[in-house]
Amino acid sequence: MAAAAATYASVAGFAVPAADAAGVPHSHVSSALIPPALIPRPPQATGSAAPVTQAAPAKQMFVPDLIAAIPGGITSGQVAKISKLGGVRAVLPVDGGKVMVNGHSANVLGVSPQTFRPWTPLATAASAAIWSDLGQGKLISTSAAARRLHLAAGKSYQVSAAVVEQVPFARPTALSVPGADAIVDLTRATQLGLAKNFAVLINAPQANLKPLIAQVQSVIGKGGKVVNLVAYALVTAGNLPVEPHAPAGVPTNWLNLFKQSAATYCPGLSWTVLAAIGEIESGDGANDGPSSAGALGPMQFIPSTWAMWGITGFGPPGKPEIMNPLDAVPSAARMLCASGAGNTATLPGAIFSYNHATWYVSEVLALASEYARNNS
């Protein structure tokens, strides 16, 4: 089918980032309503969309480290082999295709709302409305894609794949797969003719990704392609402007903002920790909330916590702005530092104070380590 053929040809396109991801009394806790993570081994994402869980507490999240694709689709046996490789913690097969949305080319993933939800930034995962809309067959896109495709919430647009359908657009949000413009549920993906199991997302936070890539490549064969999403995320952060019209003398992109905030407001804290929190919380400002817990901004502060720790960092003079990354990232560094983030011995406790979940600490530290390896 046309969508399937175009999908594999554009696998790299799914990974090309858009130019456009112990003293603290109260945690900001941005992730109050995230469903339990499901790890399909072998894949179970090829049937009809599962019902969306709305009220389960946060159990885990997964940052996609690699994406692997084969022209004919990933088999359940290949997924099972990948899931058993050293360092691999979770795998998730996805449907996909390069299609036309509102007259423009777009990379669209077909996912189960329930299983894909833990693979998104916390502000996205915490939004019940997003997953309800997705389960109703609506299109969800990134903010950058919504602008490029000229999509307005609540309107329907022509989507041309194996068939042509009018698909309602729900809203933009942050996704964790660089290069993916939008997602639909599995029922809609089947209707459009997206390629079944065209790729598998891989979470391997403790693995050295270079040898793991070679191992995954061996599983899927020479005709497949494996892409390092962590490296692309760093490139994205380095190219993504903090503000379109940032004044002179302030960090101009997210990568520099993380680096300067750590150096200025928490000496001893690696910038990679701030980068990991920014990606996990909001996809580097792609979803500013509010979350189900009321958290706001790129670093997802609860307003009461912001009142205590918010500062005018690199932002304009005056009252600190929770939605302005030039204030939010330095404020996060200041809050973390007060909890001991400037010392490696007390860093885990400081991250726990930011979001009271042991899995959150593990995910932040693991992603920070991956950023460090991929930035060297």
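## The disulfide

Cys-266 and Cys-337 are joined in a disulfide, with their sulfur atoms 2.3 Å apart. A disulfide here is a pair of cysteine sulfur atoms within 2.5 Å. In general terms, such a link is a covalent bond between the sulfur atoms of two cysteines. The structure holds 1 disulfide. The link of Cys-266 and Cys-337 is right-handed, with 85° about the S-S bond.

This pair ties together distant parts of the chain, 71 residues apart. Cys-266 sits in the loop between α10 (254–265) and α11 (271–282), and Cys-337 sits in helix α13.

## The model

This is a predicted model: local features need pLDDT of at least 70, side-chain atom pairs count only at pLDDT 80 or more, and totals for chains, interfaces and linings use all residues. Residues are numbered from 1 along each chain as its sequence is written, and side-chain values use heavy atoms, with hydrogens and water left out.

## Around the link

Cys-337 is partly exposed, at 26%. Buried means under 20% relative accessible area, exposed means over 50%, and partly exposed lies in between (1.4 Å probe, protein chains only).

Ala-338 belongs to helix α13 (residues 325–338). Ala-338 is partly exposed, with a relative accessible area of 39%. The C-alpha atoms of Ala-338 and Cys-266 are 8.7 Å apart, while 72 residues separate the two along the chain.

## The whole chain

The chain has 15 helices and 9 strands. These are DSSP runs, numbered from the N terminus: helices are H or I, at least four residues, and strands are E, at least two. Of its 376 residues, 56% count as buried. The accessible surface is about 13,500 Å², and 57% of that belongs to carbon and sulfur atoms. Accessible areas come from the Shrake-Rupley method with a 1.4 Å probe; for residues, only the protein chains shown count as cover.

## Nonpolar cores

The largest nonpolar core has 69 residues. Its members that touch the most others are Ile-202, Leu-212, Val-216, Leu-274, Met-299, Tyr-354 and Tyr-360. Apart from it lies another core, of 25 residues, including Leu-109, Trp-131, Phe-198 and Ala-199. A nonpolar core is a set of buried Ala, Val, Leu, Ile, Met, Phe, Trp, Tyr and Cys residues joined through side-chain atoms within 4.5 Å.

## Ser-83

Ser-83 lies in helix α2 (residues 76–83). Ser-83 is buried, with a relative accessible area of 7%. A polar atom of its side chain lies 2.7 Å from the backbone oxygen of Ala-80.

Terms used: A polar contact is a pair of N or O atoms within 3.5 Å; within protein, one must be able to donate a hydrogen and the other to accept it, and residues adjacent in sequence count only if both atoms are side-chain atoms.
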